[in-house]
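Please keep the sequence and the structure in view while reading.

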Amino acid sequence: MSTVAYLSVQEILELKLLVNEIFLSIQGESTFAGYPCSFVRLTGCNLRCRWCDTTYAFSGGKLMSIATILDQIKAYSVPLVEITGGEPLLQKNILYLLSFLCDLGYEVLLETSGSLPIDNVDPRVHRIVDLKCPSSGQSEHNLLANLKKLGERDELKFVIADKKDYEWAKAKLVEEKVWIEKIKAVSFSPVFGELEPQVLSQWILEDKLKVRLGLQIHKYIWDPSMRGV
Ligand SMILES: C[S@@+](CC[C@H](N)C(=O)[O-])C[C@H]1O[C@@H](n2cnc3c(N)ncnc32)[C@H](O)[C@@H]1O
Ligand SMILES: Nc1nc2[nH]cc(C(=O)O)c2c(=O)[nH]1
Ligand code: SF4
Ligand SMILES: [Mg+2]
């Protein structure tokens with residue numbers, strides 16, 4: 001617990017988070033795509049991406065103690081856990097949950113918009129940081145200072161709706177090269193239902209970019225509008 005104020009185990013277990021859903025699925029995004037993964041989706045987001053597929057997580061949910069959340073994750077019995085949202089970093093108690101999961105030996109992923117500081121996140125966590133492209137309508141919220149905090153276990157992603165977004169993302173790879181070189185992976189993902197994977201693939205191949213094409217594979221396995229997968 002080096003990154004946050006010291007609390008006893010009992011105090012940590014009693015801390016609460018506003019949780020939208022907890023579920024077991026196949027990890028659909030990032031370099032961990034394909035693995036069984038427990039998901040904890042927290043309620044609330046400070047952004048409003050035009051194409052957000054999880055608007056139901058902007059409100060609602062249930063206040064749950066970290067002890068109860070852990071019980072559910074333990075019941076799923078898989079070694080990979082992702083905390084997502086909404087925007088998970090809006091709730092400060094998330095930092096305790098992340099560290100506690102690492103202490104228990106889980107491989108822990110955090111999916112964040114990158115609009116809030118990522119500094120206090122336990123260094124054992126894999127941080128997956130989205131840089132919001134222009135057509136999301138939220139680019140002005142990108143906290144570019146986060147990029148220099150990224151390390152070798154972290155990933156950067158760009159969700160791309162059109163050629164303008166693509167060119168913007170490509171320019172960022174050059175402008176922020178010095179930080180991006182140090183991280184595990186960069187992915188370019190098409191906005192689902194808006195940009196054909198084949199079109200984005202063609203652009204990446206033409207430019208021979210060293211980025212991974214990211215497809216949300218859960219949307220090919222299950223109905224793309226389904227929750228809890
Ligand atoms: C729902 S967000 C939650 C985490 C955080 N708020 C964020 O934006 O990174 C999880 C991921 O889904 C991506 N996403 C949301 N809607 C999408 C869509 N329509 N097509 C492709 N990716 C989408 C986001 O860009 C983000 O990388
Ligand atoms: N299966 C599955 N994988 C995911 N990876 C990141 C997700 C997210 O919403 O953050 C997500 C999700 O919603 N479902
Ligand atoms: S930051 Fe994430 S959860 Fe919030 S609106 Fe954008 S995609 Fe949706
Ligand atoms: Mg999702």
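## An exposed loop residue

T55 counts as exposed, because 11 C-beta neighbours lie inside 10 Å and a residue with 12 or fewer is classed in this way. T55 is placed in the loop between β2 and β3 (62–65). From T55 to Y35 there are 20 residues in sequence, and the C-alpha atoms of the two are 25 Å apart in space.

## The model as a whole

The structure is a predicted model. Its mean pLDDT is 97, and 99% of the residues of the protein reach 70 or more. The scores of the model are ipTM 0.99 and pTM 0.97.

The protein contains seven helices and nine strands. Its C-alpha trace spans about 55 × 40 × 30 Å along the principal axes. A compact globule of 229 residues would have a radius of gyration near 17 Å, and the protein, with 17 Å, agrees with this. Of the contacts in the protein between residues at least 6 apart in sequence, 72% join residues at least 24 apart.

## The nonpolar core

Buried residues account for 38% of the 229 residues in the protein. In soluble globular proteins, nonpolar side chains tend to be buried together. In this model, the largest nonpolar core has 46 residues, and I66, L97, L98 and I160 touch the most other members. Helix α3 (residues 94–103) gives the most to this core, namely seven residues.

Which residues does L98 touch, if those up to four places away in sequence are not counted? They are I83, V108, L110, V121, D122 and V125.

Most residues other than glycine have a negative phi, and most peptide bonds are trans. The peptide bond from G85 to G86 is cis, with omega near 20°. G86 belongs to the loop between β4 (80–84) and α3.

S30 is not a glycine, yet its phi is positive, at about 75°. This residue lies in the loop between β1 (16–26) and β2 (36–42). K208, also a residue other than glycine, has a positive phi near 50°. The loop that holds K208 runs between α6 (197–207) and β9 (212–213).

Is each of these two residues buried or exposed? K208 is exposed, because it has 6 other C-beta atoms within 10 Å.

## The surroundings of two ligands

Around ligand 2 are S25, I26, Q27, G28, E29, T54, T84, E111, H218 and V229. How does this shell divide by class? The shell around ligand 2 has two nonpolar, six polar and two charged residues.

Ligand 3 is surrounded by C45, L47, R48, C49, C52, T54, G85, G86, E87 and S113. By class, this shell has four nonpolar, four polar and two charged residues.

Notes:
Residues are numbered from 1 along each chain as its sequence is written. Chains are lettered from A and ligands numbered from 1 in the order in which they are written. This is a predicted model: local features need pLDDT of at least 70, side-chain atom pairs count only at pLDDT 80 or more; totals for chains, interfaces and linings use all residues. A residue is near a molecule or strand if its C-beta atom, placed from the backbone, lies within 6 Å of it. Ala, Val, Leu, Ile, Met, Phe, Trp, Tyr, Cys and Pro count as nonpolar, Asp, Glu, Lys and Arg as charged, and the others, Gly among them, as polar. Helices (H or I, at least four residues) and strands (E, at least two) are DSSP runs, numbered from the N terminus. The radius of gyration is taken over C-alpha atoms; the globule rule is 2.2 Å times the number of residues to the power 0.38. A residue is buried if 20 or more other C-beta atoms lie within 10 Å of its own, exposed if 12 or fewer, and partly exposed in between; C-beta atoms are placed from the backbone. Two residues are in contact if their C-beta atoms, placed from the backbone, lie within 7 Å. pLDDT is the predictor's confidence in each residue, from 0 to 100. A nonpolar core is a set of buried Ala, Val, Leu, Ile, Met, Phe, Trp, Tyr and Cys residues joined through C-beta atoms within 7 Å.
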